[in-house]
Amino acid sequence: MKAIPTAEFVKSCTDVSQAPKPALPEIAFAGRSNVGKSSLINSLLNRKGLALTSQTPGKTRLLNYYRIGKGDFYFVDLPGYGYAKVGRAMQKEWAKSLEDYVGESPQLELVVLILDLRRGLTDLDSDMVQALNIYRRHWLVAATKADKLAKQEKIKTMRELEGMLISLGAEKVIAYSASSHEGREELWKAIAG
Ligand SMILES: Nc1nc2c(ncn2[C@@H]2O[C@H](COP(=O)(O)OP(=O)(O)OP(=O)(O)O)[C@@H](O)[C@H]2O)c(=O)[nH]1
Ligand SMILES: [Mg+2]
């Protein structure tokens, strides 16, 4: 693999109107609360503490922008959806800021939808897929925590998941593990494309 680009945190914001300047192409990471979005970003960038991770869901509450390389593009770590503990009003607010982001960010080039390989597509993920398709976004799937499945089970689960997600509009489905970095090269390739 070519060298992993450098990355630095730029800012957190509550909605797209506060997106950092200069405007650059954005690659966003979406998924359920606690699915492993921030861990995947750290794994991709080979940086341990860049995106804050936690065993407690609801860690990432804002749109977090990271500048990649010499200002080539931004990674955007999105707040996870489906975190029950914050209460309905707050959940709604997060869901709205997410949907606004997907719908309105003029710079959004690609969404990496992160699923737990063991759980597959949940109802809330289906809502996200629907939003991605309505707004005609390019999206692909990283099925993470792949290290938690035995090899044969992983192959079988991936085959099923892939069939379903490609038919829903995913451009690619990649098995990933933030602990072993499995899938890292493939995901970088897909992002570069
Ligand atoms: N075994 C394993 N654990 C993982 C993997 N990715 C994430 N985790 C664990 O899952 C938990 C949640 O990870 P985060 O990266 O904080 O998840 P998140 O989606 O950013 O969570 P929120 O920001 O709260 O929405 C942490 O305890 C991670 O160590 C993986 O690939 N394999
Ligand atoms: Mg997070």
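What follows is a short chat about the fold of this predicted model.

Visitor: What should I know before I start?

Guide: This is a predicted model, where local features need pLDDT of at least 70 and side-chain atom pairs count only at pLDDT 80 or more, while totals for chains, interfaces and linings use all residues. Residues are numbered from 1 along each chain as its sequence is written, and chains are lettered from A and ligands numbered from 1 in the order in which they are written.

Visitor: How many helices and strands are in the chain?

Guide: The chain has five helices and seven strands. Helices (H or I, at least four residues) and strands (E, at least two) are DSSP runs, numbered from the N terminus.

Visitor: And in what order do the strands sit in the sheet?

Guide: The seven strands form an open sheet in the order 1-3-4-2-5-6-7, with mixed pairing. Strands count as paired if DSSP finds at least two bridges between them. Strand 1 (7-13) and strand 7 (173-175) are the edge strands, each pairing on one side only.

Visitor: Which way does strand 3 run against strand 1?

Guide: Strand 1 and strand 3 run antiparallel, joined by six bridges. Phe9 stands opposite Tyr66 in strand 3. Strand 3 also pairs with strand 4 in the antiparallel sense, over five bridges, and there Tyr66 stands opposite Phe75.

Visitor: What about strand 2 and strand 4, parallel or antiparallel?

Guide: Strand 2 (residues 26-31) and strand 4 (residues 73-77) run parallel, with four bridges between them. Ala28 stands opposite Val76 in strand 4.

Visitor: Back to strand 3. Is it buried or exposed?

Guide: Six of the six residues of strand 3 (residues 63-68) are buried, so the strand is largely enclosed by the rest of the structure. Buried means that 20 or more other C-beta atoms, placed from the backbone, lie within 10 Å of the residue's own; exposed means 12 or fewer, and partly exposed is in between. Leu63, Tyr65 and Arg67 point one way, and Asn64, Tyr66 and Ile68 the other.

Visitor: How much of the chain is buried?

Guide: Of its 193 residues, 38% count as buried.
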